[in-house]
Amino acid sequence: METNDVPVAGEPLATFYSEALALLRSRQIPFLVGGTFAYARYTAIDRRTKDLDVFVRASDIEQTLQLFRQANYAAHLPFPHWLAKVGRGAHVMDIVFSSGNGVAQVDDEWFTYAAESEVLGQRVQLCPLEEMIWSK
């Protein structure tokens, strides 16, 4: 993988992300892909990432964590007002459900304006650009 590329299919990090996304889809938990993957789609600028940012409604965070725990992922809530982490080994995925200051909670509006895209071979919805900025 080149230094500026996002993970590609077949690499361990990409496999981790793909499996995690497929798990969310299998239980029909609505989610949005944000962070580097969404940024790359909106700007056509790819860059290496150390994690995947997935956005879920605050009302879905407990169900999401339980799903990953049942699938033998490490899942914890280090910042109960906005962020959970899911991982296996060295690979980590952030589950975001609000902004760090707690003002911009993920809600139905985020899904209304989500853009369709493909991430690691899977059709997903991207976090809307305005909400990505708002959540920062």
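Glu 19 is partly exposed, with a relative accessible area of 42%; buried means under 20% relative accessible area, exposed over 50%, and partly exposed in between, for a 1.4 Å probe and protein chains only. The model is predicted: local features need pLDDT of at least 70 and side-chain atom pairs pLDDT 80 or more, whereas totals for chains, interfaces and linings use all residues. Residues are numbered from 1 along each chain as its sequence is written, and side-chain values rest on heavy atoms, with hydrogens and water left out.

The structure holds 3 salt bridges, a salt bridge being a side-chain nitrogen of Lys or Arg within 4 Å of a carboxyl oxygen of Asp or Glu. One of them joins the side chains of Glu 19 and Arg 88, at 4.0 Å from N to O. Glu 19 belongs to helix H1 (residues 12-26) and Arg 88 to strand E4 (residues 83-88), so this pair ties together parts that are 69 residues apart in sequence. Helices (H or I, at least four residues) and strands (E, at least two) are DSSP runs, numbered from the N terminus. Arg 88 is partly exposed, at 32% relative accessibility.

## Further salt bridges

Arg 57 forms a salt bridge with Asp 108, with 2.6 Å between the closest N and O atoms. This pair also links distant parts of the chain: Arg 57 is in the loop between strand E2 (51-55) and H3, Asp 108 is in helix H4 (residues 108-112), and they are 51 residues apart. Arg 57 is buried, at a relative accessible area of 18%, whereas Asp 108 is partly exposed at 49%.

Asp 94 and Lys 85 form another salt bridge, their closest N and O atoms being 2.6 Å apart. Here Asp 94 counts as buried, at 9% relative accessibility, and Lys 85 is partly exposed, with a relative accessible area of 24%.

## Aromatic rings and charges

A search of the whole structure finds 6 aromatic pairs. Phe 68 and Tyr 73 form an edge-to-face pair, with 5.0 Å from centre to centre and 80 degrees between the planes. Rings of Phe, Tyr and Trp (its six-membered ring) pair if their centres lie within 6.5 Å; planes under 30 degrees apart count as stacked, over 60 as edge-to-face and the rest as tilted. Phe 68 is buried, with a relative accessible area of 0%, and Tyr 73 is buried as well, at 7%. The rings of Phe 79 and Trp 82 lie with their centres 6.2 Å apart and their planes at 40 degrees, so this pair is tilted. Phe 79 is partly exposed, at a relative accessible area of 39%, and Trp 82 is partly exposed at 23%.

Ring pairs also link Phe 16, Tyr 17, Phe 37, Phe 68 and Tyr 73 into a cluster. The charged end of Arg 88 sits over the ring of Tyr 73, 3.9 Å from its centre. A charge sits over a ring if NZ of Lys or CZ of Arg is within 6 Å of the ring centre and within 35 degrees of the ring normal. Arg 57 likewise places its charged end over the ring of Phe 111, 4.0 Å from the centre.

In helix H2 (residues 35-43), the buried residues are Gly 35, Thr 36, Phe 37, Ala 38 and Ala 40. Just after H2, Ala 44 takes a positive phi of about 65 degrees.

Leu 65 is part of helix H3 (residues 61-70) and is buried, with a relative accessible area of 1%. Leaving aside residues up to four places away in sequence, Leu 65 touches Ala 75, His 76, Leu 77, Ala 84 and Val 86, contact meaning heavy atoms within 4.5 Å. The C-alpha atoms of Leu 65 and Leu 77 are 8.4 Å apart, and the two residues are 12 apart in sequence.

## Surface and overall fold

Tyr 42, Leu 129 and Ile 133 make a nonpolar surface patch of about 280 Å². Leu 129 lies in helix H5 (residues 129-135) and is partly exposed, at 39% relative accessible area. Patches are made of residues with over 30% relative accessible area and no salt bridge, like charges being joined within 9 Å and nonpolar side chains (Val, Leu, Ile, Met, Phe, Trp, Tyr) within 5 Å.

The protein chain has 5 helices and 7 strands, which run α-β-α-β-α-β-β-β-α-β-β-α from the N terminus on. Of its 136 residues, 47% count as buried. The chain exposes about 7,100 Å², and carbon and sulfur atoms supply 52% of this area; accessible areas come from the Shrake-Rupley method with a 1.4 Å probe, and for residues only the protein chains shown count as cover. Among contacts between residues at least 6 apart in sequence, 57% join residues at least 24 apart.
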